[in-house]
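These are my notebook entries on one structure. I list what I looked up, entry by entry.

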Amino acid sequence: MRPEGKPIGLKSVDTFRIAIYNNSVNTDSKVRLLALVAQKPSILFVVESNGDDSYTDNLIKILKQAHVASMVVKQSELTAEVLKSAPVVMVPYQEKLSKESIALLLNYAKNGGFLIAAYTMPGELMEGMGFAKGNYVRAKKVGEDFVKMVFDPKLVEYFDGLLPEALPQQSHNIISANPLEANQITDSFLAQEANRPRVAAWWYDANGNKTEHAAILQSGYGLFLSHVLYASPTKEKADFLRSFCLLHDHSLRKELLLDQWRELFTVGMRLEDNPRTKRAEILPDVLARLGQKHWTPQQILPLLQGDIPVSGFHNFSRFLADLSQVKTDMIAKVCRSFGSKKVEGRLWWEHSGTGAYPGDWDRTCKELAEANFNGIVVNMLWGGSAHYKSDFLPPHRKYLEYGDQVAQASAACKKYGLELHIWKVNFNMLSSPKEFVDQMRKEGRTQVSLAGEEKDWLCPSHPENQKLEINVMLEVATKYPVAGIHFDYIRYDGGNYCFCDGCKERFGKFYFEKTGKKIVNLIEEYKKDDTIRELFAQWKADQVTAIVRGVRERVNRECPQVKISAAVFRDYPNCRDVVGQDWVKWVHAGYLDFICPMDYTTDLNVFDNWVRTQLELIGGKIPLYPGIGLYSSSSRQRPDQTAIQIDMTRQLGAQGYTIFSLNKTTLNEVKDLLKQGPNQNQATLPHNKK
Ligand SMILES: [Zn+2]
C-alpha cells in the first residue's frame, strides 16, 4: 500500500475503507483481514518545504523493494520529536537549510541519531559532523571524471557482504570535501578513534583510476555524500542505504532476517502448491543447505526469534549473506527443473531502443541467441520521434547519440538468427522533441481531456494523425529487413479523452448520421446522456481500429512478409469500452499476426486467469505470447517466478511469451538460468504467417 495525496496523519484517521477488485473473475471469494500494522520507518527523508523531490521519491521506491520503510518530512515541519522517530535521517537534496534545521539535525546526530547529508550543505552542518566545507567541482566531461564511488575495502569487509564495493553513478559535478584534521577536532565524541572523520569512498574515473576527490565522508555522526544520490543502479544504491540502516536500526535487522527467511519458502511456489505443505517440504532442504555453511538449528532459531545482540552485527550479516546464497542456489535448482519446447515464440520487449548494452547491438543479440531466445521487440518509434532517419518524424536523441538503431539492430539480429520487431509507441509523444510537440498542439492534433487538460498525445481521430501512424509503421517495415512491426499505446490516454475541437466536430457528424440528432455541447451532453456515451466509446474504438486496419492493408500490399503484432491491455472488454482498444476485433479481422497482452503480476492465480481468458478470446486464430512482468511497474519477479510463468504459458496452451523488459540487469539475471531450464533447447517460432 502507499499513501495517496497528502494524508494528515494516522492519529486523525477515524475509519479505513478497503476496496477490493474482483479481477474480472466472477466467482465468490473470501477476504480475511488479519491485521493493520503501521510500519516504523528506518530512515526519515528531510525534503524541501514544497515537498516536491523526485530524488527522494526514487530512493524511497528502491528502499521499499529492499524491505526498508521510510518516511518523509518537510523541512518546515521538522522537530526534534519527528527526527527522533527514525534511527537514520537523510537530507537528500536541499537548496537551503535554515538555522533552526541545522541545529535540529546536529542535535539529532549528537544524541545517538545517524545523519546522511548530501551535496550542497552549509559549513556549519559540515563542521558539526566533522567535515571541512568543500568546493564545487564540475566534471570536465560527464561519464569521464566521476563514474563510480569506491568504498574503502575495510568498510566493505566490516559489513560482510551487505555493502557493495562501489556505487556506479555518473555525476556531472560534486562538492569535493575532506574530513577535519585531528587538530581541528574539538568535539570529544569525534576525537574517539571509532568516530573519527574519514573518507569512506573515493571517486573513480572512467579509466578505473582513483581521483583526488572523496565521494563519501564518514564520522560517528553520519555520512556526507559529495553529490545527490541517484536511485540507479537500484540494487547497489538500495544495498548501500540499507547497510547503514541495518547498522543503526535493530528492529530492521529482525524484520529483514524474517523477510529473507520467509522468502526462501516461496522459491519455486507453483499455482497448485499449498503454502503450508510446501513449507514443510522445503524446510529440510533449507536446513541442510545452511548446515553446509555451518549453521545449526540451535544457532538459527534465536536469530529468527529476533535475539540479535547489538554487538552481534557480524554474526547477523554473515547469516543474512548465507541465507541469500541459499536462496540463489534454490532458485537455480527450480529453474533447472523445467524442460524445453521446440516450437515457441521467446521474445523480450526492449524499451530503450539501444539494447541491453547501448552502442553494442551485437553483444545484446549474441547473448539473447546464446540463451535460446528467438526474437526481440524493440521500442524504436514514439508518437513524435524515431531511432532512425525518418521522413515523417524528428530524430530521437538516442539516434543522435548512437546512430541508426534499426539498422544496427537488424544487422545483429540477422547475424544471430533473431526476429526483430519494431515497437512503436503510438500517439504518446514522450521522448519527442519539444518543437514537434508544440507544432502538433498548434495544429490541433493533440488530445484534450473532458476537464480540458492538454496532453502530449496525438489524437487518434485526427485524419493527419491516422495517416502519420500508418506511414511511420510502413516506413520502417519497408526500409529495413525487419521481421515485424508492433503496436503499443494503440489507444486513447483514458476514459476522459478525447474532447479536442476536432473530436467534437468529427463525433458530432458521426452522431448525426447515426441518430439524426445534433449535439450542441458535447461535454455537457456527454456527462448526462448514456446513448452519447455509448456511441462515443464505439466511435473511439473505430478510430483506433482504423489505424490497425490501415497498417494491415498496406503491409499486405507492400511487405506481406512483415508480421504485425500488438502489446495490449489484459482486461478486455474494459479496454475496448474505456480507451478504444478493441484487440479482439483486430484478432478476428486478421489485422494481427500475434498478440502480447501485458500480463504483469506475481500472483499465479491471476496470471492463470488472464492467460486462460485471453486464449478463449483469441480462439486459436493467432499465436498468443503473454507478457511476463519480470521487471515492470506492477511486478518484480525472481528468475524462478519467471520460469514458472513461462511453464504456465505452455501448460495453458499459449504459443510463446514476451518478457518485460530487457536491460543489462534483467538479461544477466535470467539468461543463464532460463538456458539451463525452460530455454535449454533452441526453438523455432510458430508459423503464424498466412
Ligand atoms: Zn481529439
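This is a predicted model: local features need pLDDT of at least 70, side-chain atom pairs count only at pLDDT 80 or more; totals for chains, interfaces and linings use all residues.

Residues are numbered from 1 along each chain as its sequence is written, and side-chain values use heavy atoms, with hydrogens and water left out. Helices (H or I, at least four residues) and strands (E, at least two) are DSSP runs, numbered from the N terminus.

**Entry: H17 and H19**

I looked up how H17 packs on helix H19 (residues 530-558): the angle is about 115 degrees and the axes are 11 Å apart. The two helices are therefore roughly perpendicular to each other. For the angle classes I use under 35 degrees as roughly parallel, over 145 as roughly antiparallel, 65 to 115 as roughly perpendicular and the rest as oblique. H17 passes H19 in a right-handed crossing. As for handedness, a crossing is left-handed if the near helix is turned anticlockwise from the far one by less than a right angle, and right-handed if clockwise.

Next I listed the contact residues, where contact means heavy atoms within 4.5 Å. On the H17 side they are Cys 503, Arg 506, Phe 507, Phe 510, Tyr 511, Lys 514 and Thr 515, and these meet Ile 532, Leu 535, Phe 536, Gln 538, Trp 539 and Asp 542 in H19. By residue class the contact of H17 with H19 divides into 8 nonpolar, 2 polar and 3 charged. The classes are Ala, Val, Leu, Ile, Met, Phe, Trp, Tyr, Cys and Pro as nonpolar, Asp, Glu, Lys and Arg as charged, and the others, Gly among them, as polar.

**Entry: H11 and H23**

I then took helix H11 (residues 313-336) and helix H23 (residues 639-652), whose axes come within 8 Å and cross at roughly 15 degrees. H11 and H23 are therefore roughly parallel to each other. H11 passes H23 in a left-handed crossing. In the contact, Ile 331, Val 334 and Cys 335 of H11 meet Pro 639, Asp 640, Ala 643 and Ile 644 of H23. The residues of this contact of H11 with H23 divide into 6 nonpolar, no polar and 1 charged.

I also checked Thr 328, which is in helix H11. Thr 328 and Pro 639 are 311 residues apart in sequence and 9.6 Å apart in space, C-alpha to C-alpha. At 43% relative accessibility, Thr 328 is partly exposed. The cut-offs here are under 20% relative accessible area for buried, over 50% for exposed, and partly exposed in between (1.4 Å probe, protein chains only).

**Entry: salt bridges**

I searched the whole structure for salt bridges (a side-chain nitrogen of Lys or Arg within 4 Å of a carboxyl oxygen of Asp or Glu). The search finds 37 salt bridges. Glu 263, Lys 327, Arg 638 and Asp 640 are linked in a network of them.

Glu 454 and Arg 441 meet through their side chains in a salt bridge at 3.0 Å, N to O. This pair links distant parts of the chain, with Glu 454 in strand S17 (residues 454-458) and Arg 441 in helix H15 (residues 434-442), 13 residues apart. Glu 454 is partly exposed at 48%, and Arg 441 is partly exposed at 28%.

Arg 445 forms a salt bridge with Glu 443, the closest N and O atoms being 3.2 Å apart. Which of the two is buried? Arg 445 is buried at 8% relative accessible area, while Glu 443 is partly exposed at 38%.

**Entry: backbone geometry**

I looked up cis peptide bonds. One joins Tyr 497 and Cys 498, with omega about 0 degrees, and Cys 498 is in the loop between strand S18 (484-488) and helix H17 (501-515). The bond from Phe 660 to Ser 661 is cis too, with omega near -15 degrees, and Ser 661 is in the loop between strand S24 (656-660) and helix H24 (664-676).

His 67 has a phi of about 65 degrees and is in the loop between helix H1 (54-65) and strand S2 (70-74). Tyr 119 has a positive phi of about 65 degrees and lies in the loop between strand S4 (114-118) and helix H4 (123-129). His 67 is partly exposed at 35%, whereas Tyr 119 is buried at 10%.

Key:
Axes are lines fitted to C-alpha atoms, for helices over the stretch in contact, and angles run from 0 to 180 degrees between N-to-C directions.
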